[in-house]
Amino acid sequence: MKIYNTLTRQKQEFVPINKGEVKMYSCGPTVYDYFHIGNARPFIVFDTMRRYLEYQGYKVTFVQNFTDIDDKMIKRANEEGITVKELGERFIAEYFKDAQAIGIHKATIHPKATENIDAIINVVKKLVDNGYAYDVDGNVYFSTKKFNEYGKLSKQPLEDLEAGARIDVNEHKKDVMDFALWKKQKEGEPAWESPWGMGRPGWHIECSAMVNKYLGETIDIHSGGQDLIFPHHENEIAQSECANGKPFANYWMHNGYININNQKMSKSLGNFFTVRDILKKYDGEVVRFFMLSAHYRNPINFADTLMEQAKSAVERVYTCIDNLEFLLQNSEDRELTDSEKEYSKTLDDCKAKFIAAMDDDLNTADAIAAIFDIVYASNTALSNENKNAKAIVEKTLDLIHELGGVLGLFQKTQEKSIDAEVEELIEKRNKARSEKNWAEADAIRDKIKAMNIELKDTPMGVKWNYISE
């Protein structure tokens, strides 16, 4: 597998530190509100990366944190008159509800910043002891000029970053680019004891400490949104490598931005949508399909027209699955014909195409195209007139579920039961048709259709489906 590494700006063969094992960290949400559609993209993309690595036989330790202490959380908790802890617990619970709805598996470990204060203090202390950080009246800052490689992820030298920085009016810092590792307690803020007095961690140090604690000093993959490259991930590298004297992460993966109707998402423009909002209109699987229908590094545009296309595409695959299940009920346990053997090779080719796409820097767009190749091939190769070999229908169904499962798609079991009244009406219609009483047969069909069920007559019997709303 090749991964585009933000650190080197090129695709590189993925070689894990330990054979057969992958240590992966992905930045999680700051839990002061429901997560928005922009957050959903990295959550879905890197959940898919983890699924694919596991599909390929790797043992993946996947860590995604919760930032449950920072300025936004303190502000929101004060506005609501509750503690920061209460706010965090509420929105962590809400995160899991929305994450489940869009098919995101729970991480191996979901550490919280507030539960890892000791680990955070240990890293800060190490940086102070090593001369990379300094304490000014209970505030501890990282000295960026002490790290010669600062800027290597964002590919900007420190001088350029300084020139573009907004001047922070702060008499404590020695340099404008220095950043807080530990913040002295202000009145009314949550705080913990430390060698520098009561205070709380800075944002960047939280992730460095949790990576170090749960995955080790050097990890295989670190991932997140493109917006985190600078300053968050740049600062993580500086802290971690100065504390440990080792490379922090071998591969950095970043997804592209998401726009709303070709505009940058912002509250001021009124186009700021949470996943909770979107789930009121679209099924979570449609949201996931939409996110994976473009390459993760490309920008993606969220619009109702595109979501409707995604919805139709998902329905098309489920229609194929439904048809295959019907064909399976009427299939024969026999050897494959020559044409069925040829079709079986086509399925193998589709699987190979899927794997090649995923191996090429997680190209989920081409991987989805390979699944639709299976849908198209099955629609033309499998007969609705004669009975198919059971093995070939099963192979088609299994392959759609197998490859779809890697993407977190097409796994729903569809409700396929009808009540006794409808069954009785279908039997009456069959009898009317056998007696060539077409008027009665049509009347019964219309009555069944009014019950939101559509009938389709095939040489293998009557096929029924619920009518989509």
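Guide: Here is a walk through the pocket and then the cavities. This is a predicted model, in which local features need pLDDT of at least 70 and side-chain atom pairs count only at pLDDT 80 or more, while totals for chains, interfaces and linings use all residues. Residues are numbered from 1 along each chain as its sequence is written, and side-chain values use heavy atoms, with hydrogens and water left out.

Rolling a probe the size of a water molecule over the atoms shows where empty space is left. On a 1 Å grid over the protein atoms alone, a cavity is a set of points where a 1.4 Å probe fits but cannot get out, and a pocket is an open set with protein on both sides within 12 Å along at least five of seven lines; lining residues have an atom within 4 Å of a point. Points are joined across faces, edges and corners, and a volume is the space filled by probe spheres set on them.

Let's start with the largest pocket, at about 1300 Å³. Its lining has 47 residues, and His36, Asn39, Lys72, Asp227 and Leu228 lie nearest the centre. Helices (H or I, at least four residues) and strands (E, at least two) are DSSP runs, numbered from the N terminus. Helix α1 gives the largest share of this lining, five residues, and the elements supplying at least two include α2 (71-80), α3 (84-101) and β9 (219-225). By class, the pocket lining splits into 21 nonpolar, 15 polar and eleven charged residues; here Ala, Val, Leu, Ile, Met, Phe, Trp, Tyr, Cys and Pro count as nonpolar, Asp, Glu, Lys and Arg as charged, and the others, Gly among them, as polar.

The largest cavity holds about 60 Å³, and α4 (117-129), α6 (203-214) and α7 (229-244) each give two or more residues to its lining. Among the residues around it are Val123, Lys126, Asn212 and Phe248, and the lining as a whole has four nonpolar, four polar and one charged residues.

The second largest cavity has a volume of about 40 Å³. Phe43, Phe46, Asp47, Tyr95 and His110 are among its lining residues. Helix α1 (37-55) and strand β4 (59-64) each give two or more residues to this lining, with α1 supplying the largest share, three residues. Its classes are six nonpolar, three polar and two charged.
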